[in-house]
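This briefing is written for a reader who has the sequence and the model at hand. Please follow the topics below with the structure in view.

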2 protein chains.
Amino acid sequence: MEEVDHLAHERNNAEFDVEAMKIVWAGSKHAYEVSDRMARLVASDPVFRKDNRPMLSRKELFKNTLRKATHAWKRIIELRLSEEEASRLRFYVDEPAFTDLHWGMFVPAIKGQGTEEQQQKWLPLAYKMQIIGCYAQTELGHGSNVQGLETTATFDPNTDEFVIHSPTLTSSKWWPGGLGKISTHAVVYARLITDGQDHGVHGFIVQLRSLDDHSPLLGITVGDIGVKFGNGAYNTMDNGVLRFDHVRIPRNQMLMRVSQVTREGKYVQSDVPRQLVYGTMVYVIDYKTQQSRLFPLLASAYAFRFVGEWLKWLYTDVSQRLQANDFSTLPEAHACTAGLKSLTTSSTADGIEECRKLCGGHGYLCSSGLPELFAVYVPACTYEGDNIVLLLQVARFLMKTVSQLGSGKKPVGTTAYMGKIEHLMQCQCDVQRAEDWLKPNVILETFEARAARMSVACAQNLSKFSSPEEGFAELSANLVEAAIAHCQLIVVSKFLEKLQQEIPGKGVKEQLEALCYIYALYLLHKHLGDFLSTGCITPKQGSLANDQLRSLYSQVRPNAIALVDAFNYTDHYLGSVLGRYDGNVYPKLYEEAWKDPLNDSVVPDGYHEYIRPMLKQRLRAARL
Amino acid sequence: MEEVDHLAHERNNAEFDVEAMKIVWAGSKHAYEVSDRMARLVASDPVFRKDNRPMLSRKELFKNTLRKATHAWKRIIELRLSEEEASRLRFYVDEPAFTDLHWGMFVPAIKGQGTEEQQQKWLPLAYKMQIIGCYAQTELGHGSNVQGLETTATFDPNTDEFVIHSPTLTSSKWWPGGLGKISTHAVVYARLITDGQDHGVHGFIVQLRSLDDHSPLLGITVGDIGVKFGNGAYNTMDNGVLRFDHVRIPRNQMLMRVSQVTREGKYVQSDVPRQLVYGTMVYVIDYKTQQSRLFPLLASAYAFRFVGEWLKWLYTDVSQRLQANDFSTLPEAHACTAGLKSLTTSSTADGIEECRKLCGGHGYLCSSGLPELFAVYVPACTYEGDNIVLLLQVARFLMKTVSQLGSGKKPVGTTAYMGKIEHLMQCQCDVQRAEDWLKPNVILETFEARAARMSVACAQNLSKFSSPEEGFAELSANLVEAAIAHCQLIVVSKFLEKLQQEIPGKGVKEQLEALCYIYALYLLHKHLGDFLSTGCITPKQGSLANDQLRSLYSQVRPNAIALVDAFNYTDHYLGSVLGRYDGNVYPKLYEEAWKDPLNDSVVPDGYHEYIRPMLKQRLRAARL
């Protein structure tokens, strides 16, 4: 193919010196030059090809990463690259690999927490890659919560050793990159026990696999935790699971820069701040923010379910009218379905991703079902009409509706509220206490006033442009916001209407009421700027709405699981280890891990070609 | 494993009748019963197993889908399921398949747009699955923009046929599900030409493949468009590409319910609204909202680059102090890095996904590079500390800082602004014209006032609780918002500081100034509720900020490509067909499509076992 540059015109029109900007971006001329040189080195080497990744199976992907990481190391040696150059080269190889953890976590942990003596013994082996290390902190039941770790390291004064042990299933080390199939050593974080006393979490260097044949050492169970989010992504890496059955290590493999255990088993603590010990990983504690992230999503599920029911009715109604050659409601119905498609698919895609993040690391495993759910759902935001484009259609319809308000043509259906525009433009919300936000008419009028005022403001701004189309293009972002306000009003009003119906069953209606107000007040808080800038509510009323929202969360809390049970999904349909009906997640997570294809063999495919020559320092002779 | 229910306690505590709620959720008792029965039927059938999907290669996944879809059809026949039951069964099989398009688009298109005669001919074949249909509307260069379609259907009065043709590369049909390897027929949307006159887009039934051996008919080029987002997801399906080289079809295969072409080639149009013709797919037009979605991301990239530079300096500074046993700045540095980690990783993950959606359907193809980028990046929101948990740490530090304000202990580093708390609590923003928002001090003080007031408000609310920990838990959502306000202030202030430096190169500094204000004013608009509810700005000033933002977008527009060029990424590093330096995207998208493993053979693996027996009505005898 001949050389083309379809963007040459864009580049010629730029009003600044792009070469100078490259240096600003890189941080310095030196950084720019190193980066540029390493980027080109990687791009020109066929071993570092990466365009075929989505087509590779899990095993092929992993083996290919072993090849790339080993080849990168070979090039670093051959070209005698500096540490800075080597680090940039690895950056541009751009494939998560065991080497990231070796250089980024294992080596710094020994540097930061090891004594002089320990550094002299272990660092040269690590620098030459005669050993490969990983960083084993996180456990199956304990994410970044270091204080909750369960693994123990008990000092045995008889043999001058520590006994590393995993007392429970949840104490299994879980997630460490490079652990699953490759690392020969790990820095393991465990509770230090001397003479029956628990001294908190400390780091220990533990050998995991034989340096001769790569088989796990006695008492060590190790494997990969399974397939992860994305086609390639972190599936290039062997995030691992690790259990210890009374594994013994010499006393001098405790990282002793900060605290020591003496030959007699005495614990000696320095007065250096504890943050230093976990310097490699940020130290965190768990809090209760989940409700404010999860319950609005639960409420949205019910809200969308009911607006969906109503849409079915609308569809039947419009179809019957069309049969009778009555096209009068078609534009309104079209704007309404377009807007609701946009609103619900965007909220749902974002909601799935939010739920995935709420599950912490486990939500990134395919066995959680959430990555699959997201990937299947998210194209709905694009297909059958991009969501933003659809909202602009809604906005166009709203602008037309506003422009006809004076003409005597009465707005119909979901735009009927525009008929009382004069009232909505000047009405005052009369909320004085948090409970006032639980009145259907207060909610409805507040949402109507916000939607009406935003549409009218857009119409007024549009009228300032000489050409309507120019104005529409220029103000498109504001028009989209007005359309969203209108669509949210539809969902809220249909939920309120549903509550007017008779709904049998003990407590059912009360729960739906709580969910309806959660949905509305969550939107009010999320779009507070809209409500305040249009003067629909005061800052004080916004704050009261937030207070009411918090108390609704407490009200829904005991019913949360049962509200999800009501969806009546089978475990098969959900396909999620975390979403199981019985809540028995940890044993199932553990069980699923072993199904990863990488766990088919103890020594992974690629070990003999790539890893062994590296460990044995025979890379120069190797054909990669 | 014995039966467990770890959630029994939750279920016992629920305050409503979950069986009644199930019926509310399903919509009716009947809908509940059908759904429940079909869900159980699917869950209990081993052919419908889906937990192994992430482990299957593309070809295995696809073949497995053929098996499932065929087995579902066999069960529907064997059990004589009603249309409603069959539709629920397919829903619970929960695997995107060619049958979705056959039943959901092909059949409805013929029903809605075909004449009585056409329906009588084609629907029985489709209902029995003696033919398999798809819906070929979208083209490589034209997403949901129906008016832009290029495929032509030219009437030839000599033979009473239409000639279907793809005049350009961008007119290739692109995305239709089921098209790639399976469909025997398609409803194809093409511009109708009679006697040299273009009558706009109409639908035509076109046979694509032989019903004997499944090979594509003469003049038809057809294949799969490649691997898509997600481990399983839509990779179970054969989204396809289709080109016509003067393919002839009989005149009676134009869908003629709404418009007709006579034997003489006369075009007869009915007066039914055009919306009906595209009833199956929402009808859209393209607008200019891209700038307001893309430019804040571009500005964020530069903002994060510079705050990153500053963080490197901070890290060195803290390390040097620690060496000298000075721990005084450690808590502030810890809060600052934790907060910035949270802010930048969340914004970046969301930004990648936003860019993906901005590319429309093409962003969902792996060849765009965006799915991979998202999957690799997004775990950063969780690892090394969940982002919300980190923000709560920042909030805790802020509350401590506020509580010590009276004590004479001076706030340091990034919290130094709290030292002028009295001023910040009562200062008034003096913006009167849009251009006033381009003053660094105005921006800085507005962001400082917002952050300070939100922190103080939280502190005041906390003091109302009897126990600080209870208050902290209860108010956590507000505390997170205060922490975000503080972190955004840091990023904005470091960007403003960068602009104080000397920056060489023609126009470089001007561009960075524009980006800095875009970043700040975009945040101001996004968090307008914060700024208004704390009284930092008036609604009028918020509206002026938005006006200024729009004019900054116009200012950056001619420089957008060059500002990205300055990142100096190689095409290899980006790994994106859409992000190519030369902008030559369509030929490359087309070229990449053929690399999909499904395109290795013309007739896909699984055709003989599953598809042919279905088409030939020999399913009862088939072993699936």
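In this predicted model, helix 9 (residues 330–358) of chain A packs against helix 15 (residues 476–500) of chain A at an angle of about 90°, and their axes are 9 Å apart. Angles of 65 to 115 degrees count as roughly perpendicular, and helix 9 and helix 15 of chain A are therefore roughly perpendicular to each other.

**Helix 9 with helix 15 in chain A**

- Helix 9 of chain A contributes A:Cys336, A:Gly339, A:Leu340 and A:Leu343 to this contact.
- From helix 15 of chain A come A:Ile484, A:Cys487, A:Gln488, A:Ile490 and A:Val491.
- By class, the residues of the contact of helix 9 with helix 15 of chain A are 7 nonpolar and 2 polar, with no charged residues.

**Helix 11 with helix 15 in chain A**

- Helix 11 (residues 387–403) of chain A also packs with helix 15 of chain A, at an angle of about 80° and with the axes 8 Å apart.
- Helix 11 and helix 15 of chain A are therefore roughly perpendicular to each other.
- On the side of helix 11 of chain A, the contact residues are A:Ile388, A:Leu391, A:Leu392, A:Val394, A:Ala395, A:Leu398 and A:Met399.
- They meet residues of helix 15 of chain A, including A:Leu479, A:Val480, A:Ile484 and A:Cys487.
- The contact of helix 11 with helix 15 of chain A divides into 13 nonpolar and 2 polar residues, and none is charged.

**The interface of chain B and chain A**

- Chain B and chain A each bring 146 residues to their contact.
- About 13,000 Å² of area is buried between chain B and chain A, and carbon and sulfur atoms give 62% of this area.
- The interface of chain B and chain A holds 42 residue pairs in polar contact, both residues being at pLDDT 80 or more.
- Helix 8 (residues 290–323) of chain B supplies the largest share of the side of chain B that touches chain A, namely 8 residues.
- That side of chain B consists of 74 nonpolar, 34 polar and 38 charged residues.

**Salt bridges**

- Over all chains, the whole structure has 87 salt bridges.
- Across the interface of chain B and chain A there are 11 salt bridges.
- A salt bridge links the side chains of A:Glu10 and B:Arg557, at 2.8 Å from N to O.
- A:Glu10 belongs to helix 1 (residues 8–13) of chain A, and B:Arg557 to the loop between helix 18 (539–556) and helix 19 (560–565) of chain B, so the pair joins two chains.
- The side chains of B:Asp51 and A:Lys595 also form a salt bridge, at 3.9 Å from N to O.

Note on methods: Residues are numbered from 1 along each chain as its sequence is written. Chains are lettered from A and ligands numbered from 1 in the order in which they are written. This is a predicted model: local features need pLDDT of at least 70, side-chain atom pairs count only at pLDDT 80 or more; totals for chains, interfaces and linings use all residues. Side-chain values use heavy atoms; hydrogens and water are left out. Contact means heavy atoms within 4.5 Å. Buried area is the accessible area (1.4 Å probe) that two parts lose on being put together, summed over both. A salt bridge is a side-chain nitrogen of Lys or Arg within 4 Å of a carboxyl oxygen of Asp or Glu. A polar contact is a pair of N or O atoms within 3.5 Å; within protein, one must be able to donate a hydrogen and the other to accept it, and residues adjacent in sequence count only if both atoms are side-chain atoms. Helices (H or I, at least four residues) and strands (E, at least two) are DSSP runs, numbered from the N terminus. Ala, Val, Leu, Ile, Met, Phe, Trp, Tyr, Cys and Pro count as nonpolar, Asp, Glu, Lys and Arg as charged, and the others, Gly among them, as polar. Axes are lines fitted to C-alpha atoms, for helices over the stretch in contact, and angles run from 0 to 180 degrees between N-to-C directions. Angles under 35 degrees count as roughly parallel, over 145 as roughly antiparallel, 65 to 115 as roughly perpendicular and the rest as oblique.
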